[in-house]
Amino acid sequence: MRKLREADRLLAEGSDVASVARHLEVSEHTYYRWRNQYGGMKADDAKRLKELERENSQLKKIVADLTLDNSALKEVARGNW
């Protein structure tokens, strides 16, 4: 978020995107990706997004583990163990 605010300041001063990206030490592609992902967010919104992404990752892992356990139990129930 801080780097995007700095980029906005530099762009308002008349710099082009390539020089702004060099100043931020990121590629132009990264700058545009950040702009698309975090463009209208405030710092609190970005923190909440990261928390939700982390929670989503944990939930996906739990579902994968439970699916694996369920599959193993089905195999044991069939007598294929």
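Close-up 1. Rings of Phe, Tyr and Trp (its six-membered ring) pair if their centres lie within 6.5 Å; planes under 30 degrees apart count as stacked, over 60 as edge-to-face and the rest as tilted. By this rule the count is 1 aromatic pair. Tyr31 and Tyr32 have ring centres 5.4 Å apart and planes at 65°, so the pair is edge-to-face. Tyr31 is buried, at 4% relative accessible area. Tyr32 is partly exposed, at 42%. Buried means under 20% relative accessible area, exposed over 50%, and partly exposed in between (1.4 Å probe, protein chains only).

Numbering starts from 1 along each chain as its sequence is written, and side-chain values use heavy atoms, with hydrogens and water left out. As the model is predicted, local features need pLDDT of at least 70 and side-chain atom pairs count only at pLDDT 80 or more, while totals for chains, interfaces and linings use all residues.

**Close-up 2. Helix 3 and its two faces.** Helices (H or I, at least four residues) are DSSP runs, numbered from the N terminus. Helix 3 spans residues 28–38, and its buried residues are Thr30, Tyr31 and Tyr38. Seen down the axis of helix 3, these fall within an arc of 100°, so they line one face of the helix. The arc is that of the directions from the helix axis to the C-beta atoms. Exposed His29 and Asn36 sit on the face turned away from the buried side of helix 3. The buried residues of helix 3 pack against helix 1 (2–12), helix 2 (17–24) and helix 4 (43–78). Contact means heavy atoms within 4.5 Å.

**Close-up 3. The packing of helix 2 and helix 3.** The two helices pack at about 95°, with their axes 9 Å apart. Axes are lines fitted to C-alpha atoms, for helices over the stretch in contact, and angles run from 0 to 180 degrees between N-to-C directions. Helix 2 and helix 3 are therefore roughly perpendicular, a term for angles of 65 to 115 degrees. Helix 2 contributes Val17, Ala18 and Ala21 to the contact; helix 3 contributes Glu28, Tyr31 and Tyr32.

**Close-up 4. Helix 2 and its buried side.** Val20, Ala21 and Leu24 are the buried residues of helix 2. Down the axis of helix 2 they fall within an arc of 100°, so they line one face. Their cover includes helix 1 and helix 3. Ser19, also in helix 2, is partly exposed, at 23% relative accessible area. Just after helix 2, Glu25 takes a positive phi of about 65°.

**Close-up 5. Helix 1, inside and outside.** The buried residues of helix 1 are Leu4, Ala7 and Leu10. They cover an arc of only 120° around the axis, which puts them on the same side of helix 1. Leu4 touches Tyr31, Trp34, Arg35 and Tyr38, not counting residues up to four places away in sequence. Just after helix 1, Gly14 has a positive phi of about 110°.

**Close-up 6. The largest nonpolar core.** The core has 9 residues: Leu4, Ala7, Leu10, Val20, Leu24, Val26, Tyr31, Tyr38 and Ala46. Helix 1 gives the largest share, 3 residues. A nonpolar core is a set of buried Ala, Val, Leu, Ile, Met, Phe, Trp, Tyr and Cys residues joined through side-chain atoms within 4.5 Å.

Note on methods
Angles under 35 degrees count as roughly parallel, over 145 as roughly antiparallel, 65 to 115 as roughly perpendicular and the rest as oblique.
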